[in-house]
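Please look over the sequence and the model shown here.

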Amino acid sequence: MKPMTRTEMYQRLRAHQGQWDLIVVGGGATGAGVAIDAASRGYDVLLLEQSDFGKGTSSRSTKLVHGGVRYLEQGNVSLVMEALKERGLLLRNAPHLVRNLGFVVPNYDWWEAPFYGIGLKLYNLLAGKYGFGASRILSREETLERLPTIKPEGLRGGVIYFDGQFDDSRLLINLVATAFEQGATLLNYAPVAELTKDAEGFVDGARFRDVETGEEFEARAKVVINATGPFADALRRQADPTVQPMIAPSQGIHLVFDRSFLAGDSAIMVPHTSDGRVMFAIPWHGHTVVGTTDTPIAEASLEPVALEQEIGFILQTAALYLEKKPTRADILSIFAGIRPLVKSGEAGNTAALSRDHTIRIENSGLITVCGGKWTTYRHMAEDCVNQAATMARLPDRPCVTEHLNIHGFHPSSEKFGRLWMFGSDAPLVQHIEESEPLDGELPYTGAEVVWAVREEMARTVEDVLARRTRALFLNAQAALRMAPRVARLMARELEQGPEWEAEQIASFRRTAESYLPPLVSEPRP
Ligand SMILES: Cc1cc2nc3c(=O)[nH]c(=O)nc-3n(C[C@H](O)[C@H](O)[C@H](O)COP(=O)(O)OP(=O)(O)OC[C@H]3O[C@@H](n4cnc5c(N)ncnc54)[C@H](O)[C@@H]3O)c2cc1C
């Protein structure tokens, strides 16, 4: 199979004759999932992403493959069961990217151990054969052993349960590769500016542009799927300006700290913050990630910015549980994402809005799929393609993704050491002769940059530093320091000149600004 490059994608596009079976707009978890599902059934698929794959919410999650303990408390048992099954399938189909992580609910009040102990037993029971490990009550000593840096004053013990953790944008690029291998054509930097309609007013295609060349294209399809997440209403309005909005966008932010704030291999789960939400402190890629908030916002943007009060809230809450209290000066990166929550009539507290997915067939024939969670992307895609196939009268073909390995599948990728997340691609990355770390504070080397350009359709310095590696999300200062070398390596691969390099570095600097903690805006030498 040819490498996954933009040139190859455009060759597929130009060679394609007639109508596509499906055009998918949006290259996040939902869109990539739909592309895999449809292509693996043998349908003809074109996916169009306006920016980079995963630029939206799908690179900005808490990185949990989970059933959602919180939804159990809300009594949404079917949602939890569905997500627990999907958690199990994802571990089976992408074992190189999903790992089992212990979550400890620390107890400072006498009633917490029995209360959370019972709830988490139920969580475990609901997983059935897809279980990740039995939950149990921990003594104070066991809790401190698992969480050596938790605040010890008043600690009575804890309850441990097990859930999945992953790297969202790496899984996403592996989903894109899987769809490509199944025959789909997927383009990044190809915004859909307009939906086209047939004589009866039904959506029958899309007009889009190649951001790099400015060339405009028009493609026809039997059905168009709107998988634009928080941006879903904008595309719906393209098809029918009179539709009522269905998305209530809600922002969540995470703060990233040094690993020393959360020593040990377990995460902390706080079931009730002062604003009634769940908060996590999680070990991830050698750092500590703490989040998240849930703030209703008026409109979605591609690069959401954390609000001052969100930062303050996370710092305050973390300080209640961590012995070493994190301050603004300790923040290495801040990232914000937007939940594409589906309105359920009254828009009030977004924490209570539906996390279930929604598939809406508009009068124009446009199919919108949104809501849900990263964890349930496969199931969302299955439902969506079932609906699309019926509507477009495609030949009836069963979904095969429950048993479809994701690109990079490897049963024991730990053996690749630092490159474990590349799974079966790791030996190929190791062969690239660029093994010097790009910065003293992060482990990434030039080999990952070269690989990202040659095999993973990375087109900009930001694609490499934010999504193919996670440098920007882990340490924004380090990422800024890495940018010039990344630009140089990419320019060599893409046959670009010094002007391109300078423009890329400047553009990356602008993006990275909002990941830096407030008050610190220049890279430290
Ligand atoms: C803070 C936070 C934490 C979360 N944590 C978790 C978690 O731990 N576990 C979990 O399971 N779920 C989690 N979620 C939910 C999960 O991340 C989302 O449900 C999921 O990523 C949504 O994916 P999506 O593809 O629908 O949207 P997106 O990832 O936003 O993708 C939509 C894409 O459409 C593109 N697009 C928009 N308009 C156009 C256009 N006109 N033309 C072409 N492309 C277009 C955008 O650029 C974007 O890339 C979290 C969400 C948030 C906000």
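Helices (H or I, at least four residues) and strands (E, at least two) are DSSP runs, numbered from the N terminus. Phe162 is found in strand 6. This is a predicted model, in which local features need pLDDT of at least 70 and side-chain atom pairs count only at pLDDT 80 or more, while totals for chains, interfaces and linings use all residues. Residues are numbered from 1 along each chain as its sequence is written, and side-chain values use heavy atoms, with hydrogens and water left out.

Contact means heavy atoms within 4.5 Å. Leaving out residues up to four places away in sequence, Phe162 touches Arg87, Asn100, Leu101, Gly102, Tyr123, Phe132, Gly133 and Ala134. Phe162 and Met1 are 161 residues apart in sequence, and their C-alpha atoms are 38 Å apart in space.

Which residues lie closest to the ligand? The ligand is surrounded by 36 residues, and the closest are Thr30, Glu49, Ser58, Leu64 and Thr375. A residue is near a molecule if one of its heavy atoms lies within 4 Å of it. The shell divides into 12 nonpolar, 19 polar and 5 charged residues. Here Ala, Val, Leu, Ile, Met, Phe, Trp, Tyr, Cys and Pro count as nonpolar, Asp, Glu, Lys and Arg as charged, and the others, Gly among them, as polar.

A polar contact is a pair of N or O atoms within 3.5 Å; within protein, one must be able to donate a hydrogen and the other to accept it, and residues adjacent in sequence count only if both atoms are side-chain atoms. A polar side-chain atom of Thr30 lies 2.7 Å from an oxygen atom of the ligand. A polar backbone atom of Ala29 is 3.1 Å from an oxygen atom of the ligand, and one of Thr62 is 3.0 Å from a nitrogen atom of the ligand. Of the 1,000 Å² of accessible area that the ligand has on its own, the protein covers 95%. Accessible areas come from the Shrake-Rupley method with a 1.4 Å probe; for residues, only the protein chains shown count as cover. Helix 2 (29-40), strand 11 (247-258) and strand 16 (333-342) each give two or more residues to the shell. The largest share, 3 residues, comes from strand 16.

Asp204 is found in strand 9 (residues 203-209). Is Asp204 buried or exposed? Buried means under 20% relative accessible area, exposed over 50%, and partly exposed in between (1.4 Å probe, protein chains only). Asp204 counts as buried because its relative accessibility is 13%. Its side chain makes a polar contact of 2.8 Å with the side chain of Thr196, and a polar atom of the Asp204 side chain lies 3.4 Å from the backbone nitrogen of Lys197.

Helix 5 (residues 112-127) has 16 residues. Its buried residues include Tyr116, Leu120 and Tyr123. The buried residues of helix 5 pack against helix 3 (69-73), helix 4 (77-93), strand 4 (99-107), strand 5 (136-139) and strand 6 (157-165). Just after helix 5, Gly128 takes a positive phi of about 55°.

Most residues other than glycine have a negative phi, and most peptide bonds are trans. His285, in the loop between strand 13 (279-284) and strand 14, has a positive phi near 45°. The peptide bond from Gly291 to Thr292 is cis, with omega near 15°.

Notes
Expected span 1.5 Å × (residues − 1).
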